[in-house]
Amino acid sequence: MEKTSNTRLLDALQDRALLGDGAMGTQLMIAGLEQGNCGEAWNLTQPERVLAIQRRYAEAGSDCILTNTFGGSRIMLNRHGQVENVVAINQAAVRITREAFGAQPGFVIGDIGPFGGLLEPYGDFTEEQVRAAFNEQACALVDAGADAIIVETQTSLEELLLGIQAAKEAGAPCIIGSMAYDVTLDGSTFRTMMGIDPERAAEFMQEHGADIVALNCGTGMDMERARTAVERYRKTTGLPVMVQPNAGLPKLVNMKVVYDETPEQMVTGVAPLLDAGASILGACCGSTPAHIRAFRQSIDAYQYENQAL
Ligand SMILES: [Zn+2]
């Protein structure tokens, strides 16, 4: 597959803010994936459905699209009996995302999600198991031509580090570390489930060679909270910042957690995020191509106004 982007992601960020994509998991469900089934296996078995979702994001104006590999590590795929397909699933994902951009320039971000367990001594997984799983996934994504690797929805520095090191060893052209923060019960601040605050995460990522510091998902992290996080990152590091907030706050509907902020509601937070210095804006749970299209219009208007000044 030919690469359509000649510019490096980090170079592109020098000129302008970039638009990411929206949720993948919910879109897979809409396309027919059943709860608990393996969405990543669709890269091999239903590639046209994955492609159709990512095309809608490309058409909505995404500059960067994450591969459908959130649960694409050996440890995650093992739960679905897909371990023999680890490399093929990750490589196919990169090809599909590249194809989604078609002739339009765009960056393929290889997605590494949490391995889904706890490291020793809290859990059953050894550091070596997780390191091997992330190394394998990162290599497959980079070998297939990913423009960057994002290690996302991270809550512990130990697991984040294994992901960053795997991306580095694989020769990723750009490494993004993305934390999931939860707003504290009293609402005064936010930190990860493992107690990491944005300052600590940013320092740690910079120290260990990430190129972009990011946040995604989390609980209670709407656009305004994301803006606060960007400010806190920017006070701590000079690295570019990426954000992928959820579509508002979680609500329980029919025993299911939903995020239902509309594009119109969510897009009011775009200019404040750009003012705060965010370099890549995407969205997480509950967001759709319609949200991303609204983001595109807002980012373009913001950049036009700031050029005119
Ligand atoms: Zn999310």
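Helices (H or I, at least four residues) and strands (E, at least two) are DSSP runs, numbered from the N terminus. The model is predicted: local features need pLDDT of at least 70, side-chain atom pairs count only at pLDDT 80 or more, and totals for chains, interfaces and linings use all residues. Residues are numbered from 1 along each chain as its sequence is written, and side-chain values use heavy atoms, with hydrogens and water left out.

Remain on H8, residues 157-169. Its 13 residues reach 18 Å from the first C-alpha to the last, close to the 18 Å expected, where the expected span is 1.5 Å times one less than the number of residues. Among its buried residues are Leu157, Leu160, Leu161 and Ile164; buried means under 20% relative accessible area, exposed over 50%, and partly exposed in between (1.4 Å probe, protein chains only). After H8 comes Gly171, with a positive phi near 80°.

Next, select the zinc ion. Which residues are its protein donors? They are Cys217 (SG), Asn246 (OD1), Cys284 (SG) and Cys285 (SG), at 2.2 to 2.7 Å from the ion. Donors are N, O and S atoms within 2.8 Å of the metal (3.2 Å for Na, K and Ca); water is not among the atoms, so sites may look incomplete. The angles among the four donor atoms run from 92 to 133°, and the site is tetrahedral, a term for four donors with all angles between 85 and 135 degrees.

Now select Arg16 and Asp63. Their side chains form a salt bridge, 3.6 Å from N to O; the term denotes a side-chain nitrogen of Lys or Arg within 4 Å of a carboxyl oxygen of Asp or Glu. Arg16 is partly exposed, at 36% relative accessibility, while Asp63 is buried, at 9%.

Finally, select Arg227 and Glu231, whose closest N and O atoms are 2.6 Å apart in another salt bridge. Both residues lie in helix H10 (residues 223-236), four residues apart, about one turn of the helix. An α-helix has 3.6 residues a turn, so residues three or four places apart point the same way.

Notes. Tetrahedral: all angles 85-135°; square planar, octahedral: opposite > 155°, others 65-115°.
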